Amino acid sequence: MQQIGPMVLCVDDEVVGLQVRKLILERSGYRVLTAPDGPSGLLLFDDHPVEAVVLDYSMPGMNGGEVAARMRSAKPDVPIVLLSAYMGLPAEVTDLVNIYMTKGQGAPVLIKNLKALLEPAGADPRRIC
Amino acid sequence: MNLKQFNRILLRALLLPVLSLAVVAGVLLLQVLHARRTVTAIQVSDDIIAATTEAQTLLVDEETGLRGYQITADPAFLQPYEEALPSFARLTASLHANLMAQRESTRTLDGIDAGEQTWTASYAQPLIAQIGAGGNANDPALNMSGKEQMDGLRVRVRQLLQRETELRVAEVRRWHKEVQHTVEALLLLALLAGIVISVTTVRSLKRVSGAYQKTLDEQREAQAALVATEKLATAGRLAANIAHEMHNPLDSVVNLLYLLRDERDPVLANEYVDLAQAELTRMGEVSRAMLGLYNDSVLPDPVGVSEVLRQPTAAAFGPPVPPSRSPVGTRRNA
């Protein structure tokens with residue numbers, strides 16, 4: 001049997017942080033796509049059947065808020081988790097996303113939030129096909 | 001101070017000198033009008049004096065003409081008398097009018113007029129008739145009567161002349177006094193107006209200056225508050241940026257520790273440790289960069305120990321060490 005987890009797109013300009021996040025999510029059974037900036041993240045979002053997005057807010061050029069707005073207009077049903085090292089983002093940004101969390105809360109919290117967004121209560125992210 | 005108050009001060013500053021000048025002009029105008037009346041009165045007095053002097057001359061002409069006829073019995077000598085008679089009548093009429101205009105008494109003039117008519121009727125005409133009829137021209141009683149009447153006329157004319165001259169002198173004296181009073185009043189008015197204008201202007205200027213200074217002070221305070229707020233905001237932004245730069249590698253280290261806990265593969269575990277090490281080094285660099293912004297004079301700076309030992313106070317620290325073996329130490333700045 002082949003385990004196929006939901007496809008999660010991670011967008012972050014922090015190379016190491018992005019790499020580590022990918023490792024954590026893959027270990028938890030997710031398929032992970034990564035993008036180092038907003039424009040490449042949007043391209044991946046349009047071209048792939050992404051089921052959730054883990055998006056960093058503070059990025060050079062296009063920030064996470066703008067990326068989330070475009071993602072919402074393209075595929076409004078795809079849940080978005082917004083990550084930021086800053087605290088207290090404006091409401092017009094946090095209203096665009098499903099969950100807003102600060103970096104440093106830890107992997108378990110991220111995994112728990114993704115699970116809550118993607119699966120019905122109690123289901124395993126690793127789907128069997 | 002608002003615009004309305006400022007405009008009111010400006011209006012007052014404009015109106016005050018204008019009103020003061022208007023008052024001074026009014027006083028001058030009154031004086032000029034009064035002076036005109038006085039000058040007119042003096043001119044009429046001059047006319048009266050001139051007419052009275054001419055009346056004297058006409059009386060002389062009348063008497064001279066009569067005397068000449070009395071002496072020569074030649075009608076040609078009567079010419080001055082005959083010319084003077086109607087002129088005298090016109091003159092007394094004109095004098096009468098001038099005296100009435102000056103509101104002066106005409107009693108003396110009426111006496112002169114009546115006296116002249118009496119002299120003419122009771123002496124001159126009878127004498128002329130008598131001489132013309134070839135009668136005696138040297139009647140002593142008649143001559144004496146004629147002389148007395150003429151003397152009386154001359155006295156009255158002199159009285160009129162003297163009185164009018166005195167009136168004229170008094171009028172001129174009064175005019176001089178009025179001019180002097182007017183000049184004094186104008187000087188006083190000008191001084192008062194100057195003082196009032198100066199005091200009012202100084203007060204207004206002080207008010208405006210005070211308001212301007214207050215506005216400047218308020219602006220300066222607002223500026224200082226703005227600068228202080230901006231500094232605080234800048235400090236806040238800097239602190240947020242520093243926290244952000246520290247938070248990202250910290251998040252990676254936390255996640256790597258999470259991965260390490262359950263990682264059985266030593267190769268992968270080492271990779272995670274290397275990554276964590278790199279992130280911690282990055283945090284250290286950020287921290288050092290931030291510390292480098294703060295210039296603290298008590299921070300140690302490196303010096304050679306042999307250099308320190310060569311200083312006079314080195315004896316307090318023990319024997320010198322050979323240069324080749326002296327480590328680089330640190331000396332605290334004072």
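In this predicted model, chain B contains six helices and two strands, and its elements follow the order α-α-α-α-α-β-α-β from the N terminus on. Of the 334 residues in chain B, 26% are buried, and the accessible surface of the chain amounts to about 21,800 Å², with 63% of that area belonging to carbon and sulfur atoms. When contacts in chain B between residues at least 6 apart in sequence are considered, 74% of them join residues at least 24 apart.

The secondary structure of chain A consists of five helices and seven strands, which from the N terminus on are arranged as β-β-α-β-α-β-α-β-α-β-α-β. Chain A has 129 residues, of which 50% count as buried, and it exposes about 6,000 Å², with carbon and sulfur atoms supplying 55% of this surface. Among the contacts in chain A with a separation of 6 or more, 62% are accounted for by residues 24 or more positions apart.

An example of residues separated in sequence is given by Pro39(A) and Gly61(A), which are 22 residues apart along the chain and whose C-alpha atoms are 9.1 Å apart in space. Pro39(A) lies in helix α2 of chain A, formed by residues 38–47. With a relative accessibility of 45%, Pro39(A) is therefore classed as partly exposed, since this value falls between the limits of 20% for buried and 50% for exposed residues.

A search of the whole structure identified two cavities of 30 Å³ or more, and the largest cavity holds about 70 Å³ of space. The lining of the largest cavity includes residues of chain A, among them Arg21(A), Leu83(A), Met101(A), Thr102(A), Lys103(A) and Leu110(A), together with Asp251(B) and Asn255(B) of chain B. The elements that contribute two or more residues to this lining are β6 (99–102) and α5 (107–118) of chain A, along with α4 (140–262) of chain B. Also part of the lining are Gly104(A), Gln105(A), Gly106(A) and Ala107(A).

Terms used:
Residues numbered from 1 in each chain as written. Chains lettered and ligands numbered in written order. Predicted model: local features only at pLDDT ≥ 70, side-chain atom pairs only at ≥ 80, totals over all residues. Heavy atoms only, no water. Helix = DSSP H or I, 4+ residues; strand = E, 2+ residues; numbered from the N terminus. Buried < 20%, exposed > 50% of the residue type's maximum accessible area, 1.4 Å probe, protein only. Contact = heavy atoms within 4.5 Å. Areas by Shrake-Rupley, 256 points an atom, 1.4 Å probe, with all protein chains shown as cover. 1 Å grid on protein atoms, 1.4 Å probe; cavity = no way out; pocket = protein on both sides within 12 Å on 5 of 7 lines; lining within 4 Å. Points joined across faces, edges and corners; volume = space filled by probe spheres on them.
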